[in-house]
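Visitor: I'd like to learn how to read charged contacts in a model like this one. Could you walk me through it?

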Amino acid sequence: MYKIMIIEDEEKIREIITDSLKKWGFDVCFVEDFSNIVGEFVSYSPSLVLMDINLPVFDGFHWCNQIRNISKVPVLFLSSRNTNMDIVMAVNMGGDDYITKPFSMEVLIAKINAILRRTYSYSDASIDVINYNGVLLSLKDNVLHYENKSVELTKNEFKILYVLMKNHERIVSREKIMQELWEDESFIDDNTLTVNINRLRKRLNEIGLEEYIKTVKNQGYMIK
């Protein structure tokens, strides 16, 4: 079953679209926290996004661009704005199609089905990202995203953070991290891991994640 995420702040329109999509057999959710759209997107993992342009906090162009940083999932813009510039902006930000309000539900359903057929027949639209408390780690390009800031990690920095985020709220031993980094920790000086951890912490500080990695004495590390 295809999953559709609706990013629309007008409740009446949102309800009409939701009801219609459910009748067509789609799984549907809609965003409630317009300051955490990417977080909700990652949690729901939709097959397609319906995106309004005029939204609280940031507009739809911004959020489409943020989604494109982590996923190829198709985005269909829905908007009362119908100038050529709006359509060009939507395409430039990564939108797959554009439909103006008011619109026919039959036309919307037809566009959704066409995009889904086209997308899932010829490409992989999976989400390659780990999300924990609003911190997003992109698996495709080793980039960490947090509150509209991002930083590119080295291979070792990425591996360390990947292990910690996959085991969030649990202590990860130094030995386990070294196994992930070099497969056999017996060949690695223990100080090498300390150096890598310190470098990673500096990278995290650059985007406002001070003290994100906690040292647990005589046990290892964990993230908050």
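Guide: A salt bridge here is a side-chain nitrogen of Lys or Arg within 4 Å of a carboxyl oxygen of Asp or Glu. This is a predicted model, where local features need pLDDT of at least 70, side-chain atom pairs count only at pLDDT 80 or more, and totals for chains, interfaces and linings use all residues. Residues are numbered from 1 along each chain as its sequence is written, and side-chain values use heavy atoms, with hydrogens and water left out.

Visitor: How many salt bridges does a search of the whole structure find?

Guide: Eight. In one of them, R203 meets E157, at 3.9 Å from N to O. R203 lies in helix α8 (residues 190–206) and E157 in helix α6 (residues 155–166), so the pair ties together parts 46 residues apart in sequence. Helices (H or I, at least four residues) and strands (E, at least two) are DSSP runs, numbered from the N terminus.

Visitor: Is E157 buried or exposed?

Guide: Buried means under 20% relative accessible area, exposed over 50%, and partly exposed in between (1.4 Å probe, protein chains only). E157 is buried at 5%, while R203 is partly exposed at 24%.

Visitor: Which residue forms a salt bridge with D97?

Guide: K111, with the closest N and O atoms 3.2 Å apart. D97 sits in strand β5 (residues 97–100) and K111 in helix α5 (residues 105–122), so this pair links parts 14 residues apart in sequence.

Visitor: And which residues are linked in a network of salt bridges?

Guide: That would be E8, E10, D52 and K101.
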